[in-house]
Amino acid sequence: MNKLFNGAFLVALAASCYGLLTTFVKLAYQENYTTYEVTFSQLLIGFIALVILNLFIKKESKPIESKSVRQKSILYLIMSGTSLGFTSVFYYLAVQTITVSVGIVLLMQSVWIGVVIDGLINKVKPTKRKLFSVGLILIGTVLAADLLIEDQKVDLIGIAYGFLAALSYTVTMFTSNRVALQYHSITRSKWMMLGGLFIAIIYTLLSIEDGFNFGIFKLWGPILALFGTILPPLLFTAGMPKINVGLGAIISSIELPVAVLMGYFVLSEDQNLTKWIGIILILSAIILMNYKKAAKIKT
């Protein structure tokens, strides 16, 4: 049971890191840093940190593979990682004009988008439970995003960027569990981060107008990299083997309330009962979709 508790605790910490991330981005925006400065600094520092961490990975026996096979695997990982870069760019563009709570709710749409992609690619017919869960998520999203409030000013561009971020995030999750599984998870994260960094570099070159403020590397770049690209892979790698995917998905949903509470206490964002009902519906849907898997735990 201690093993289970430790694993659950580590996964909760990893998800909480992601929950803190958006508030830090908002704080960086308040100091007039741009989306490309925030994205580039986070992914660059994260990539360098993962390169260093890979030097300390315990060498494990690996299946013999040719140089060409290894190169192809690395290329696939880098290509898969481009979706990570798109996720960061779209999500950080979204939270320029929408609140932290709405942004994280939109990112959570990856749950039902994953069901759709699984059906299209793997021909997996969704169960009634999954369809019901998707319905809960959609209803919860309407409530949590305050879309029913008459005087609510909805930034459609921000909403669109949020959905694009959710789509990219879904692709990242989908590929990260299928590409080059023979390598250590931190090694895989390193190459995927390189793919994301390429996207950040391209976006920066296309967006830069008045120069690049390297002051981002003094504080917010390292903070964003720590909570967005360094700690989560380490904590997930340590915690997930102690539990299972179903329980991991449920515990990871703590990212949602953490982000919303950070937005409230740090950024003084407005909260109301309707929004929290929506959040509870989304969390309930995630639990409903994964509780059977979570029940299959070896203690």
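Ring pairs tie Tyr36, Phe40, Phe212, Phe214 and Phe217 into a cluster; rings of Phe, Tyr and Trp (its six-membered ring) pair if their centres lie within 6.5 Å, with planes under 30 degrees apart called stacked, over 60 edge-to-face and the rest tilted. Keep in mind that this is a predicted model, where local features need pLDDT of at least 70, side-chain atom pairs count only at pLDDT 80 or more, and totals for chains, interfaces and linings use all residues. Residues are numbered from 1 along each chain as its sequence is written, and side-chain values use heavy atoms, leaving out hydrogens and water.

**Aromatic pairs**
- The structure holds 13 aromatic pairs.
- Phenylalanine 24 and tryptophan 220 form a tilted pair, because their ring centres are 6.3 Å apart and their planes sit at 35°.
- That pair links distant parts of the chain, 196 residues apart: phenylalanine 24 is in helix H1 and tryptophan 220 in helix H9 (helices are DSSP runs of H or I, at least four residues, numbered from the N terminus).
- Tryptophan 220 is buried, at 8% relative accessible area (buried means under 20%, exposed over 50%, partly exposed in between, with a 1.4 Å probe and protein chains only).
- Phenylalanine 86 and phenylalanine 90 are stacked, since their ring centres are 5.9 Å apart and their planes at 20°.

**Serine 110**
- Serine 110 sits in helix H5 (residues 110–122) and is buried, with a relative accessible area of 5%.
- Its side chain reaches the backbone oxygen of leucine 107 at 3.1 Å.

Methods: Helix = DSSP H or I, 4+ residues; strand = E, 2+ residues; numbered from the N terminus. Polar contact = N/O pair within 3.5 Å; in protein donor to acceptor, adjacent residues only side chain to side chain.
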